Amino acid sequence: MKKWLIGCALALSYQTCAAAATKLEVMTPAGNYMNFVRQEVIPEFNKRFPDVKVVVSNDENLETRMAAGDLPNLYAGVFGYQPAKYAKMGKLAYFDQFEGYQELVERIDPVFMRKNFGRSYYIPWNVTTQLMIYNKELFREAGLDPEQPPKTWDEFLVAANKINQLPPRSDGSPVYGTVLWNDVLSTGSWYWGMLAQLYYNFNGGEYTLLNRFGTHPIFDKQDANMATFLSTMQRVQQYAPLTMEKSFFSRNIGMWPQFGFGWKANLAEAAQKPMVIGEDVGLAPIPTLNKGEQSYSTLDGRALMIFKSDQELEQLSWQFVQVLMDDELNHKANMTLGQLPALVSLKERPYYKSAEAKPFVEQLPYTIMSEPFAQSADVANIILQQYSKVVLKKEVTPQQAVDAASQQAKDIFKQ
């Protein structure tokens with residue numbers, strides 16, 4: 001890198017040298033992310049590097065492109081397993097090598113940073129997490145206190161039962177105590193991220209699926225309470241539709257313990273009229289096994305990764321990351337994309353203290369990052385298969401499911 005920078009200096013300016021690599025590809029999720037980068041970020045980047053053409057692509061075919069050796073330069077992926085997986089494959093440049101890295105890291109809340117193989121392979125662009133959302137009107141109708149949402153899973157089941165007994169709505173639609181996103185069980189490890197936070201609240205956030213080295217399953221330990229989790233979810237499911245035929249926003253659902261901050265736009269599209277947090281709906285921590293325990297949730301959001309290429313393109317990618325992490329532009333991205341701040345300097349801004357954002361911001365210190373191991377996705381798929389057998393099909397007992405999943409997981413590591 002230093003040799004290249006010296007060469008740039010001899011070429012009169014860093015920008016002149018960088019412009020020799022005229023095309024930079026930035027990959028993001030489809031939709032709003034692509035639009036934001038095109039409309040807001042690229043113009044700012046081009047003020048510094050006017051001769052660099054930035055192309056934005058979506059990440060729907062990343063794995064296929066990777067297999068063909070055709071990679072973007074900068075990727076807005078996800079936390080946890082992706083940086084670990086791609087770093088292990090030797091595909092990622094590590095951020096520690098770039099000038100200004102330490103200054104940037106000092107601006108980021110350390111709870112969102114994790115090293116893989118002793119180095120930093122991602123920068124957290126934005127973050128989010130989940131809480132429980134509940135319908136205050138249905139609480140009142142069921143004789144429940146709308147200002148006292150359930151704190152434990154036992155209380156959750158009592159509330160779900162009462163709401164489930166409410167009469168159908170005027171259009172004949174049934175009322176359900178809760179809902180789970182069973183429709184996406186087949187999506188694999190992504191959905192485990194949505195269920196994992198429910199599971200964490202059966203063991204105080206002490207047990208994930210694998211040990212801290214990623215070499216052995218630990219969900220089968222007695223204190224992990226995986227069987228208790230599965231048993232409880234089976235009971236929860238009796239107060240929920242089989243699929244999300246009616247979402248929480250239909251106003252026919254009492255509680256949804258998987259509501260992410262990024263989905264708040266759905267409140268405006270609720271049946272009859274927009275839902276308003278603090279008025280007709282409330283936010284609460286995900287219930288815990290025992291009263292007084294800390295509630296945990298999953299850390300989600302976008303992690304910026306630079307794929308290896310030549311030094312010029314890696315340096316341009318690093319410059320693009322720095323633009324994305326500019327305070328004002330980062331704040332604008334959070335508001336536009338429905339995300340929360342990774343930058344410490346933003347947390348005191350009024351936007352993050354609003355009724356809809358503040359509970360999520362306060363939850364962020366108690367989030368758990370998805371497990372950064374290549375095998376974690378395979379083990380998550382095993383758990384989801386057993387979850388379906390217990391919760392939806394009732395084919396096996398919770399303990400039988402744990403035992404079967406444990407053996408299948410161990411077989412993966414034997415291979």
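## The one cavity

Searching the whole structure turns up one cavity of 30 Å³ or more. On a 1 Å grid over the protein atoms alone, a cavity is a set of points where a 1.4 Å probe fits but cannot get out. Grid points are joined across faces, edges and corners, and a volume is the space filled by probe spheres set on the points. This is a predicted model, where local features need pLDDT of at least 70, side-chain atom pairs count only at pLDDT 80 or more, and totals for chains, interfaces and linings use all residues. Residues are numbered from 1 along each chain as its sequence is written, and side-chain values use heavy atoms, with hydrogens and water left out.

The largest cavity comes out at about 30 Å³. Its lining (residues with an atom within 4 Å of a point) is made of Phe219, Met226, Leu230, Ile383, Gln386, Ala401, Val402 and Ala405. Seven of these are nonpolar, one is polar and none is charged. For those classes, Ala, Val, Leu, Ile, Met, Phe, Trp, Tyr, Cys and Pro count as nonpolar, Asp, Glu, Lys and Arg as charged, and the others, Gly among them, as polar. Helix 10, helix 14 (376-392) and helix 15 (398-414) each put in at least two residues, and helix 15 gives the most, with three. Helices here are DSSP runs of H or I, at least four residues, and strands are runs of E, at least two, numbered from the N terminus.

Leu230 sits in helix 10 (residues 226-237). Its relative accessibility is 3%, so Leu230 counts as buried; the cut-offs are under 20% relative accessible area for buried, over 50% for exposed, and partly exposed in between (1.4 Å probe, protein chains only). Leu230 and Gln386 are 156 residues apart in sequence, yet their C-alpha atoms are 9.0 Å apart in space. Both residues line the largest cavity.

## The second largest pocket

A pocket is an open set of grid points with protein on both sides within 12 Å along at least five of seven lines. The second largest pocket has a volume of about 460 Å³. It is lined by 24 residues, and the closest to its centre are Arg114, Asn211, Arg212, Pro372 and Phe373. Helix 5 gives the most, with three residues.

By class, the lining of the second largest pocket splits into nine nonpolar, eight polar and seven charged residues.

The expected span is 1.5 Å times one less than the number of residues. Helix 3 also bends by about 40° at Val41, with a proline, Pro43, following within four residues. That bend is the angle between axes fitted to the seven residues ending there and the seven starting there. Buried residues of helix 3 include Tyr33, Phe36, Val37 and Val41.

Helix 11 (residues 311-324) reaches 20 Å from its first C-alpha to its last, close to the 20 Å expected for its 14 residues. Of those 14 residues, 11 are buried, so helix 11 is largely enclosed by the rest of the structure. Among them are Glu314, Gln315, Trp318 and Gln319.

Strand 8 pairs with strand 5 (residues 130-135) in the antiparallel sense over four bridges; two strands pair if DSSP finds at least two bridges between them. Val281 is the bridge partner of Asn135.

Gln272 lies in the loop between strand 7 (253-260) and strand 8. Gln272 is exposed, with a relative accessible area of 77%. Its C-alpha is 9.7 Å from that of Phe249, 23 residues away along the chain.

## Positive phi in two loops

Most residues other than glycine have a negative phi. Phe117 has a positive phi of about 55°. This residue is in the loop between helix 6 (101-105) and strand 4 (123-128), and at 55% relative accessibility Phe117 counts as exposed.

Lys394 also has a positive phi of about 55° without being a glycine. Lys394 is found in the loop between helix 14 and helix 15, and it counts as exposed at 57% relative accessibility.
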